Amino acid sequence: MQNGVIVVLTGAGISKESGLATFRDADGEWARVELEDVATPEGYRRNPDLVHAFYNARRKKLQEAALPNAAHLALARLEQEWPDQVLVVTQNIDDLHERAGSRNLIHMHGELLKGRCDLCGTISPWAGEMTRASRCPSCQHPGRLRPHVVWFGEMPLDMPRIYRALETCRLFIAIGTSGNVYPAAGFVTHVQSCGHARTVELNLEPSLGATLFQQTVYGPASQVVPDFVARLLAEASS
């Protein structure tokens, strides 16, 4: 393909092979809770202790048991070797893209290893446990820190920057997404409306929006993503 900006959207499917459960896993940690209780502002207001305990456990598992897989590493390679810009927009709150080496990255749903102060708005690194007694590193006020995670009913982050990239990219790749969480599920349609980008879905199985993509490749992310990146880089260098 002709060189140009690449935008890659990643979802839970790319991190599942690293041992991180998705919303839809019948036997994962999400299956043992109600989303309304741990992933909404209302649930946090009702029971902040429950919400903190849930994200503390996820934070611990991310740091102790999860490693980047071949798909994360392949996207980092693409960013390093592609002759133009590569932007990864992830719906995931883990740090596996960063650990793999990706640097041009947007976490549209926030980051698990950060906390946000509801009082002063400061976003701070936060690798340990968070409780109602935790103090904001900036304003030192207790009881106002929450996980820096976008919950249901909240606006995803950096949307103007994301849409600017979608409107100028020459290739849009969706990896490991279900196609039923908006606004990310509508990105492929937005790209198509601009009329100048190739669209590709790399997934374990067809997403709800699979028919909207010009090209689809199905299989484990750790296999199909490195293969696709290798072919793309070979085309660029030929």
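This is a predicted model: local features need pLDDT of at least 70, side-chain atom pairs count only at pLDDT 80 or more; totals for chains, interfaces and linings use all residues.
Modeller: Residues are numbered from 1 along each chain as its sequence is written, and side-chain values use heavy atoms, leaving out hydrogens and water.

Biologist: Which strands stand at the edges of the open sheet of six strands?

Modeller: Strands are DSSP runs of E, at least two residues, and helices are runs of H or I, at least four, numbered from the N terminus. Two strands pair if DSSP finds at least two bridges between them. The order is S3-S2-S1-S7-S8-S9, with parallel pairing. Each edge strand has a single partner, so one side is left without a neighbour in the sheet: these are S3 (105-107) and S9 (215-218).

Biologist: Which residue in S2 stands opposite Val-7?

Modeller: Strands S1 (residues 6-10) and S2 (residues 86-90) run parallel, joined by five bridges. Opposite Val-7 stands Leu-87.

Biologist: Is Ser-138 buried, partly exposed or exposed?

Modeller: Ser-138 lies in the loop between strand S5 (123-125) and strand S6 (145-149). Buried means under 20% relative accessible area, exposed over 50%, partly exposed in between (1.4 Å probe, protein chains only). Ser-138 has 46% relative accessibility, so it counts as partly exposed.

Biologist: With which side chain does the side chain of Ser-138 make a polar contact?

Modeller: Not counting residues up to four places away in sequence, Ser-138 touches Cys-120 and Thr-122 (contact: heavy atoms within 4.5 Å). A polar contact is a pair of N or O atoms within 3.5 Å; within protein, one must be able to donate a hydrogen and the other to accept it, and residues adjacent in sequence count only if both atoms are side-chain atoms. At 3.4 Å, the partner is the side chain of Thr-122.
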